[in-house]
Amino acid sequence: NNSHVLRQYYTNSQRYTESQENTTFQNTHRNTVRLEWTIDSAHKLIFTPSFNYQQQQYKAILTSTSQLLDVISQNTTQTQVKPLSFDFNPQLLWQFKMPKKGRTLSLQINSTLNERQQGGRYNSYLWITDSITRIDQQYGTYSNTQRYNAQILYTEPMGKYLQWQFGYNPGITNALLDKNYYNISETSTS
């Protein structure tokens, strides 16, 4: 996806010109599979893994020039962001139907693995007649999350139309986040 903008303004003592360019790219994939195995009339296994992948890129360039009488300023700004992420989520479900109608026991095991990276850069150059100011910022982030949990459910019939359900859902999560920022700023004069 690309877009371009050009603006120009003129007054008696001022002239302003602006040019802007934006570019966006996105690549996404989602995959899910469901496998069912009926072992016998009382036992069943369901395995459902899913995988998601996403890559993006965004870039913007803005250039402007302003002239007011004898003072000229020019500014160029560039922003670039590149996030990348993936998720993996396998689920396993075991179901057991007991001889009494409505009485069941099930165990579901889930895990989620999630990884994200993002890097970006911001550059800006401002020139005013005889001095130049430069800003150069870079950053990077990385996160990794691992989540594991289980769910145990027991159902018991209570009369003809009611049913009790008892459940237990333990889990654990491990997460890591790392951020880095770098700034370079300088001003020089002629």
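**View 1. Leucine 107 in its strand.** Leucine 107 lies in strand S6, which covers residues 104-128; strands are DSSP runs of E of at least two residues, helices runs of H or I of at least four, both numbered from the N terminus. The model is predicted, so local features need pLDDT of at least 70 and side-chain atom pairs count only at pLDDT 80 or more, while totals for chains, interfaces and linings use all residues. Residues are numbered from 1 along each chain as its sequence is written, and side-chain values use heavy atoms, without hydrogens and water. With a relative accessible area of 31%, leucine 107 is partly exposed (between buried, under 20%, and exposed, over 50%; 1.4 Å probe, protein chains only).

**View 2. A nonpolar patch on the surface.** Leu107 forms this patch together with Val33, Leu35, Phe47, Leu92, Ile109, Ile152 and Tyr168. Patch members have over 30% relative accessible area and no salt bridge, with nonpolar side chains joined within 5 Å; a salt bridge is a side-chain nitrogen of Lys or Arg within 4 Å of a carboxyl oxygen of Asp or Glu.

**View 3. The strands and the extent of the chain.** The protein has 0 helices and 9 strands. Its radius of gyration of 29 Å is well over the 16 Å that the globule rule gives for 190 residues, so the protein is more spread out than a compact globule (C-alpha atoms; rule: 2.2 Å times the number of residues to the power 0.38). The C-alpha trace spans about 95 × 30 × 30 Å along its principal axes. Of the 190 residues, 18% are buried.

How values were computed
Patch = residues over 30% accessible without salt bridge, like charges linked within 9 Å, V, L, I, M, F, W, Y side chains within 5 Å. Areas by Shrake-Rupley, 256 points an atom, 1.4 Å probe, with all protein chains shown as cover.
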